[in-house]
Each structure stands twice: as C-alpha cells, then as structure tokens.
Amino acid sequence: MASPAPPAASVVAFARMLKGQVRSYSAPADIAIPASKRKYIPSSGTYPKGFLVSGTHVGVKASNTKFPDLALISSETPCSAAAVFTTNKFQAAPVQISKNILATRRGEGIRSVVINSGCANAVTGKGGLEDAANMSAKVDECNGLSESKSTLVMSTGVIGQRLPISKILDKIPAAHASLSSTHDAWLTTARAICTTDTFPKLISRTFTLPSSPGHTYSLAGMTKGAGMIHPNMATLLGVICTDAPIAPSALSSLLQFAVPRSFNSISIDGDTSTNDTVAILANGAAGGSTIASTSSADYTAMQEILTSFAQSLSQLVVRDGEGATKFVTVRIQNSPDYASAQLIASTIARSPLVKTALYGRDANWGRILCAIGYTQGVAPGTVIPERTSVSFKPVDGSPVLKLLVNGEPEQVDEERASVILQEEDLEIVVDLGGGEKGEKGCGGEEGVYWFCDFSHEYVTINGDYRT
C-alpha cells in the first residue's frame, strides 16, 4: 500500500501559525484569570464612603456576549476632581470632552465617571465627540442633573471605530440602577474597563491625616492596561476615589506630583496611546478639615500617601504586561539630577534588547550599558564610564550580583545569574557615581522605573489584536 503523501507546504505553514497563536500568558477567550495572576486580585477591600460603582454588560464588541464592558463610578455628593491626560496629539473624543468638563467646572462638582471598553472612540471625528458627550449627559440625567455636565467619560479599545452608542446609552440606566458599594461591585467595575488585561486591577487603602487623627480615610483605585504602555502616558485608564476633603487646586497639585512617579514611571513596550487618563475624585464624605493649602502638614502627608498608592496601582499594569514573564525595577543612583536619572531609567526600560535578554534569562549587561550610553537629554557629566556600576539585586535579599564596577567588568557567575533571572521579580541597579552617594561630585539623586520583558507572546497578541 502506498504511503500517504506528505502534507502540502501550505498545510504545514497553517499548522505552525495555529501553534503560534497559543497564548501562554494572556487571558484565554473566556477571560479566565491565569493562575499566576490570581494573587494580585484582592478578596476584600475598604472603600471610600459615599462612592458607588457598577460593571454592566453592553456588548461594545460583538464578540463579547456576556462580560461587563461598561463601568460607572459615582459619588452620592459632588466631588473635587482632577485628571492627567495623554500627550498624544490624536486625543480621543472622551479625553477632549473630559478635559473640557474639568476646565469648565474648575475641578468642582463632579459626580461620576463612565467608562466603556471594547472601543476607544478615538480618531472618530465630530461623531465621536457627540458620542462621548452623550455618554456623559446620559449619566447626568440618571443622577437627576441633566444640565450640569458633571460626568467624566473614558473609553478604551480599538482606535478608529465608532461606538455602538445606542447600545451604550440604553444600558446606562441599568448601570446606574445597579450601583453598589460592595467589594464585588468594585471588582466587577474594575473588570469592566479591561481589554487585553488578564486580571482586574483594584486596590484600596485606609489612612489618617495629621489634622484629623480621629478620622479614618479611604482610597480606592482601579486601572487597566497591558500594552501600548509608556509615558506620557500610556494606553491605560485609572480612577482613584477618596473620601478625604481636598480642594480642587490642591487635588490637582497632588495628582500632578504623583503621576510622574507612578503612571509615568512604567513601561511595557515604549508605545503611547490616544485615550490615556488618570482621574481622582474626592468627596470629603469622611469629614475632617479640608486640604486646601499646599504648605500644610495634611498636604505633605497626602502627597506621600497618594504617590505610594498610585505607584502600587500602576505597578499592577506592568505585572500584566502583554506576554510578560518578568517584573523589573530599574534604579538609577547617584545622578546629578532627578530628570537625568529618569531619562536613563526610561531608556533601559524600553530597550527591546534589554527586554528580550531578560526574557531569555541572559545576564547580558552590555545591553544595559549601551542603553545608558545612548540616552538623550541627560545633564553633561551624568554618564562617565569609569564611574558607572551595574548589578542585579535579587528579591530574596541575597547579595547583589555585580556585573560592572567603576567601568570594569566583573567575572560574572553565570549560574547564579541564571538562577536570579528565573525569578519573576528582578531589580537592576545602576550607580552613576561608582561609589557612595555624594562621592566624586555626584548629587545622589535617584530615579526609578518599572517595566517588563518582551516575549514571543507579545508579538502574537499584537499581531492579531483586531482579530
């Protein structure tokens, strides 16, 4: 009997393509959360007084037949509000509408934020602006504030497509009717803003302020993002709520300080997008003295609290980077100024060669050194080869692995390097002074960035994003 003919080349190629579509790190089609990511999902939380949330299924994308894709965050009382938006010149319709609402109201009297996933409503012309405005107006109507323009609007998803606006507007009353303060409601709302995310990103925290030691305040925040992540800002959305009383001008100042040190200090792939927005609402429902002066002790304390909170929230985005297997902190020490340190950290964080070496568990420190050396815009004298040291700092507390010391290469223990690089978390330390802080004329400024590696998976996800 004759042997069967070998499969045609086209069949073999198709089989290889299908094999390449298997996604090891991204969420499967049923959005089941990968086992490795479940540890980042809170089982409970302490949420700010007076805030209610909901996540509702609309079906913005036709392929989404059951999962929530419309988020609503609402305060029972008017809030101070502030936001930081993308610097991309193609700013999406919801960005333009929300910026206008905040400017018109001067950060006062904001009641809600409405967010859809599945479609970015970006580069959609006048019709897109009308859609975003109608989403905002519909929530205002449900709040009994038809003429107030008190709802911020955000969208995330594919660029260049119009929203199925009738479907969204029809579901907003149901989203409003299901508003709740429970942990499950917050988690469902965080899930509703996801696109290629593999898990909902939600954290909450309590704190006190110097002037009101008897008051316990709460912060809660949700964010989304897994790709097109790099300042300023990234394809991410974030909403932070607090029941502390903060005046609009102080709130804006607090957010402007926190974002560069958190959401603008993360990178997944070096790309930015059209819709990026991080907003904060403060309704004062927990009482106490209003933070109004930027020179007050309460302001100083709140600045530290909010920045730390925003860092924790933004780091979840990196941990969910498309195809990521590593969470990497890069710390630049002994820089003459903070801006130069951040520029170097940013350059390392977005280097494809650094990121692919980390994915391959290769201690190729030469790639790190190259990125340091070609960083543009640093202050003169920042990078001097004979002062520069590079090391890996293990997360288990064991001694650092020195790779380069004062410009001289070390004899690297490749076996230990491989063990360190097998861990999910890694810290890269770059010392620009070659010694202790303050030595050799260095100012001792430090910059920090958080980023992830590049895997085969990243290419797969973005190669078929629209399909």
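A220 touches Y47, P48, W186, I203, S204, V239, I240, C241 and F309, leaving aside residues up to four places away in sequence. The model is predicted. A220 sits in strand β6 (residues 212-224). Its relative accessible area is 0%, so A220 is buried, the cut-off being under 20%. L202 lies 18 residues from A220 in sequence, and the two C-alpha atoms are 7.5 Å apart.

Next, a helix pair. Two packed helices are described by the angle between their axes and the distance between the axes. The axes of α2 and α3 come within 8 Å and cross at roughly 55 degrees. That angle makes α2 oblique to α3. The crossing is right-handed. The table gives the two sides of the contact.

| Helix | Range | Residues in the contact |
|---|---|---|
| α2 | residues 93-105 | A93, P94, Q96, I97 and I101 |
| α3 | residues 125-142 | G128, L129, A132, A133 and S136 |

By type, the contact of α2 with α3 has seven nonpolar residues, three polar and no charged.

How far apart are the end C-alpha atoms of helix α8 (residues 338-349)? They are 16 Å apart, which agrees with the 16 Å that twelve residues should span at 1.5 Å a residue. Helix α8 is mostly covered, with nine of its twelve residues buried. The buried residues are S340, A341, Q342, I344, A345, S346, T347, I348 and A349. Their cover includes strands β8 (266-267), β10 (327-335), β14 (425-431) and β15 (445-452). Helices α9 (352-359) and α10 (365-374) are also among the elements that cover them.

Technical notes: Residues numbered from 1 in each chain as written. Predicted model: local features only at pLDDT ≥ 70, side-chain atom pairs only at ≥ 80, totals over all residues. Heavy atoms only, no water. Axes fitted to C-alpha atoms, helices over the stretch in contact; angles between N-to-C directions. Helix = DSSP H or I, 4+ residues; strand = E, 2+ residues; numbered from the N terminus. Parallel < 35°, antiparallel > 145°, perpendicular 65-115°, else oblique. Left-handed = near helix turned anticlockwise from the far one by under 90°. Contact = heavy atoms within 4.5 Å. Nonpolar A, V, L, I, M, F, W, Y, C, P; charged D, E, K, R; others polar. Expected span 1.5 Å × (residues − 1). Buried < 20%, exposed > 50% of the residue type's maximum accessible area, 1.4 Å probe, protein only.
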